Amino acid sequence: MSRPVLFLLGMHAGGTSALATSLAQAGATLGATTTPTIDEDGGSTRCARLTALSDEALRCIGITWDSPVALPDRWESNDALKALAPAAAEAVAEEYRDGDAVVVADPRMCRLLPFWREAFEQNGFAPSVALTLRRPHEVATALAKRAQFAPEKSLALWHHHVVDGERGSRGLRRALVTFEQWQSDPAATLQRIARDAHFPLASTAARDAAQKARPRVKNGHDERSAGGMQSGLDTVLEAGYARLARLAPGVDPRRDVEALASAARPAMTAAIAPWLAAELDAARESTVRIATELALTQSRLQAATGELNALRAHAAPPPDASMLVAQLEALREDRARERALLIDELTKTRGEIVRMTTAVAEAPRNAEAMRIELAQAHRDLYDERATISRLADEIESTRRDADGNAKRFDSARHHLEALATELAQTRETAQAREHDYAVIADEIDAWRAQASDIQAERDKLLKDRDHAMREVSRLSTELDALRHERDGAIADRESLNEAMRQSGQALSVLRDELPRRAAAETMVARERDGLLIALKSAQERITALESMVGERSSYIAELVQRHNALAGRLNDLDKRSLVRVAVRLGGKSKPR
């Protein structure tokens with residue numbers, strides 16, 4: 001009976017590690033050797049051996065795990081990738097010997113699922129998929145913190161992982177869950193995966209795993225952190241994520257993912273410069289070509305080594321001169337000259353074979369040196385792409401700072417307008433209170449005029465007058481406080497003016513910095529041209545080495561033929577010598 005395997009397809013820092021930890025606590029197997037991921041909560045949930053083979057497979061395709069480009073057409077038919085399939089099947093067999101249910105939690109599987117699906121099916125596994133989604137801006141924030149990725153790069157990676165994961169998992173049983181759903185209700189999320197993906201989980205173990213995972217739940221997302229990119233890529237991806245998150249359990253997400261890919265295509269073109277995309281495609285094609293040539297060179301060297309070993313195994317042993325002298329003492333004068341000539345020729349032949357063996361033995365070392373040079377060139381090219389990405393990040397950071405300064409200026413202006421409105425309201429309130437004071441004074445004068453006439457109400461009027469005076473004192477205190485606040489507002493306005501002046505100076509400095517960065521980009525372009533020249537020279541050296549190996553192989557074949565001819569002549573000579581000895585021992589005359 002086939003064992004179930006569940007592929008958790010999600011973006012880096014997309015919550016797959018937390019979900020895999022819960023599934024492992026519910027009884028699933030993560031592999032013999034695990035390693036941490038770039039996830040929100042950390043944890044060792046990736047199979048280290050599968051990760052290494054996935055990186056090698058991506059190099060065969062011409063990309064790395066963080067390449068923000070689409071996969072090439074018909075990448076499954078890559079010859080180097082097909083050569084890696086036996087190693088992948090062997091790794092699956094050794095890493096997942098135990099366990100009734102297996103979970104594979106590696107974001108690289110999103111792009112390589114057809115490759116690994118075949119490896120697991122060869123080992124008797126029944127695959128299913130759980131598409132794990134997290135908000136794009138949360139993933140971009142996490143990658144910016146942990147790997148210093150630019151937002152455009154993180155969002156492009158999110159897009160490619162979601163689209164490739166959905167396309168590669170078609171035809172399999174799959175469930176779609178979000179990181180927010182797991183945070184809000186882990187037990188229900190695990191049960192949904194078990195139901196939609198037909199992945200067996202013990203209900204009690206799933207509830208216990210959900211309870212253990214609940215203390216690690218973090219605060220929800222911040223809506224204010226989404227949006228604001230000039231290309232609009234974040235807005236498009238957030239809208240696509242919202243549509244996918246609203247899908248009911250069991251609904252196929254294919255149509256929504258294709259709609260997301262179509263809607264994001266213009267924004268992707270605007271977010272990633274066309275020249276940078278073309279350069280990444282050229283680097284990918286060059287890497288694929290170099291990997292193919294290197295694999296072909298290795299196969300040729302292995303074939304040459306096998307042929308050389310076969311020649312060594314079947315080579316005839318050298319004749320023993322002392323035994324021949326002891327047995328053929330009577331024929332020494334007849335054979336001495338011919339045997340000496342043959343021995344000299346055999347010695348020369350052996351020297352040539354040793355020299356060719358040494359050359360063939362040095363060929364792998366030369367190929368290894370060339371491989372090291374190519375790897376160094378690839379690393380230099382990767383460093384160049386990282387430098388370009390860093391410069392783009394700095395330009396984007398400068399743009400965001402300028403936008404932030406503009407927003408602060410607008411905020412300061414709105415604040416000043418609000419303060420002016422408050423001052424006007426304060427003046428109106430003070431005028432109303434002065435009017436009230438005048439009315440109160442008129443009433444007091446009227447009460448004093450009537451004091452002589454209304455003796456009975458004198459005490460009451462005196463009490464009212466004292467109360468009014470206390471109110472006047474309180475209002476005077478409030479008026480002084482309002483005047484003090486007005487003075488503070490004037491001081492704040494002056495400090496804001498000073499901040500606006502300093503921000504203007506900083507903006508001027510940033511404008512002066514842009515020409516220097518343009519010069520740096522020109523220097524990077526020159527270094528890239530130098531690297532391309534070095535790669536071309538390395539390819540020419542590989543071609544020369546292959547031609548040398550072919551010539552040496554033909555020369556070895558010729559030497560083998562000569563060796564066989566000499567061995568035949570020695571056998572004939574031995575037969576003739578034995579006949580002569582037999583004739584002499586029999587007493588007959590020596591035949592002519």
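User: Why does Arg 74 count as exposed?

Analyst: This is a predicted model, in which local features need pLDDT of at least 70, side-chain atom pairs count only at pLDDT 80 or more, and totals for chains, interfaces and linings use all residues. Residues are numbered from 1 along each chain as its sequence is written, and side-chain values use heavy atoms, with hydrogens and water left out. Buried means under 20% relative accessible area, exposed over 50%, and partly exposed in between (1.4 Å probe, protein chains only). Arg 74 has 67% relative accessibility and therefore counts as exposed. Arg 74 lies in the loop between H2 and helix H3 (79-95); helices (H or I, at least four residues) and strands (E, at least two) are DSSP runs, numbered from the N terminus.

User: What is the phi of Arg 74, and which value does His 198 have?

Analyst: Arg 74 has a phi near 55°, which is positive in a residue other than glycine. His 198, also not a glycine, has a positive phi of about 55°. Most residues other than glycine have a negative phi. His 198 is placed in the loop between helix H8 (186-196) and helix H9 (203-213). Its relative accessibility is 48%, so His 198 counts as partly exposed.

User: What makes Asp 55 and Arg 108 a salt bridge?

Analyst: The term requires a side-chain nitrogen of Lys or Arg within 4 Å of a carboxyl oxygen of Asp or Glu. The closest N and O atoms of Asp 55 and Arg 108 are 2.7 Å apart, and the pair forms a salt bridge. Asp 55 lies in helix H2 (residues 48-61) and Arg 108 in the loop between strand S4 (102-104) and helix H4 (109-122), so the pair ties together parts that are 53 residues apart in sequence. By this rule the count comes to 22 salt bridges.

User: Is Arg 108 buried or exposed, and how does Asp 55 count?

Analyst: Arg 108 has 7% relative accessibility and is therefore buried. Asp 55, at 21%, counts as partly exposed.

User: How do you know that Arg 174 and Asp 252 meet in a salt bridge?

Analyst: Their side chains come to 2.7 Å, N to O, and meet in a salt bridge. The pair links distant parts of the chain, with Arg 174 in strand S6 (residues 174-178) and Asp 252 in the loop between helix H10 (233-245) and helix H11 (254-271), 78 residues apart. Arg 174 has a relative accessible area of 15% and so is buried; Asp 252, with 44%, is partly exposed. Salt bridges that share partners join Glu 166, Arg 167, Arg 170, Arg 174, Asp 252 and Glu 258 into one network.

User: Why are H6 and H11 called roughly antiparallel?

Analyst: Angles run from 0 to 180 degrees between N-to-C directions, and axes are lines fitted to C-alpha atoms, for helices over the stretch in contact. Under 35 degrees counts as roughly parallel, over 145 as roughly antiparallel, 65 to 115 as roughly perpendicular and the rest as oblique. The axes of H6 and H11 come within 10 Å and cross at roughly 150°; the two helices are therefore roughly antiparallel.

User: What makes H10 roughly antiparallel to H11?

Analyst: The axes of H10 and H11 cross at roughly 170° and come within 9 Å. The pair is therefore roughly antiparallel.
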